[in-house]
Amino acid sequence: MGTLIVSESFMVRESLDNLFRSIYHTKNIVTNSINDIDRKKLIDINYIVLDIKESQVKFLDKITKDIENKKLIVLDFAKNETICEKAIKNGVDGYILNIDNKEDFIYKINSIRKGKKFYDSDLLANVLGGNNSDIELLTEREKEVLYAVSKGYSNREIAQELFITEYTVKKHISSILSKMKFRNRKDIILYFRDKELAC
């Protein structure tokens, strides 16, 4: 798989370049600026990893329109709510807040490679919660299940994604419905759709 890595930090660029080459044997293109992207070279690219700042967030609108059949992963080390909102609105394939643990990061990338979307949940309560504070009552695991349900995943798919049993998924969903005063899974999907459109 070909991977484009975009970051102004040489440490991020070199670290991710080495990681993708060693784990996935990729053909990488590394650049330090969004403006330096050569669109002709994107033909052989399957994955785009963007380490962006708030001042560059408008680029997400443009790149999601320009690319086809490519996975887009946003790195947001600053945990910026504006970037999170844009990532959700544009339906990026991955939204990752940190790379503290190599195995954890590889797990996230592997999930994305399998066609799943992966969003770190730390900012979801703030970005999607709006005036509804009920989401803040959820545990981190419940937020992960909530987001998966909003994307239409079945209980089996959620269980596989989070490495838990289907019974545990059902318990989490029951708790989510109770805490957020939802009637069913459809309410969860509509809730997220309304929040995404408002971003």
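Predicted model: local features only at pLDDT ≥ 70, side-chain atom pairs only at ≥ 80, totals over all residues.
Residues are numbered from 1 along each chain as its sequence is written, and side-chain values use heavy atoms, with hydrogens and water left out.

Visitor: How many helices and strands are in the protein chain?
Guide: Helices (H or I, at least four residues) and strands (E, at least two) are taken as DSSP runs and numbered from the N terminus. Counted in that way, the protein chain has nine helices and six strands.

Visitor: What radius of gyration does the protein chain have?
Guide: The radius is taken over C-alpha atoms, and the globule rule is 2.2 Å times the number of residues to the power 0.38. Because the chain has 199 residues, a compact globule would have a value near 16 Å, and the chain agrees with this at 17 Å.

Visitor: What share of the residues of the protein chain counts as buried?
Guide: Buried means under 20% relative accessible area, exposed over 50%, and partly exposed in between, with a 1.4 Å probe and protein chains only. Of the 199 residues, the share that counts as buried is 50%.

Visitor: Which residues have the most contacts inside the largest nonpolar core?
Guide: A nonpolar core is a set of buried Ala, Val, Leu, Ile, Met, Phe, Trp, Tyr and Cys residues joined through side-chain atoms within 4.5 Å. The largest such core has 46 residues, and those with the most contacts inside it are I48, L50, L60 and Y95.

Visitor: How many residues of helix α6 are buried?
Guide: Helix α6 spans residues 140-150 and is mostly covered. Among its buried residues are E142, K143, V145 and L146.

Visitor: Is S150 buried or exposed, and which residues does S150 touch?
Guide: S150 has its place in helix α6, and with a relative accessible area of 11% it is buried. Contact means heavy atoms within 4.5 Å. Not counting residues up to four places away in sequence, S150 touches I188, I189 and F192.
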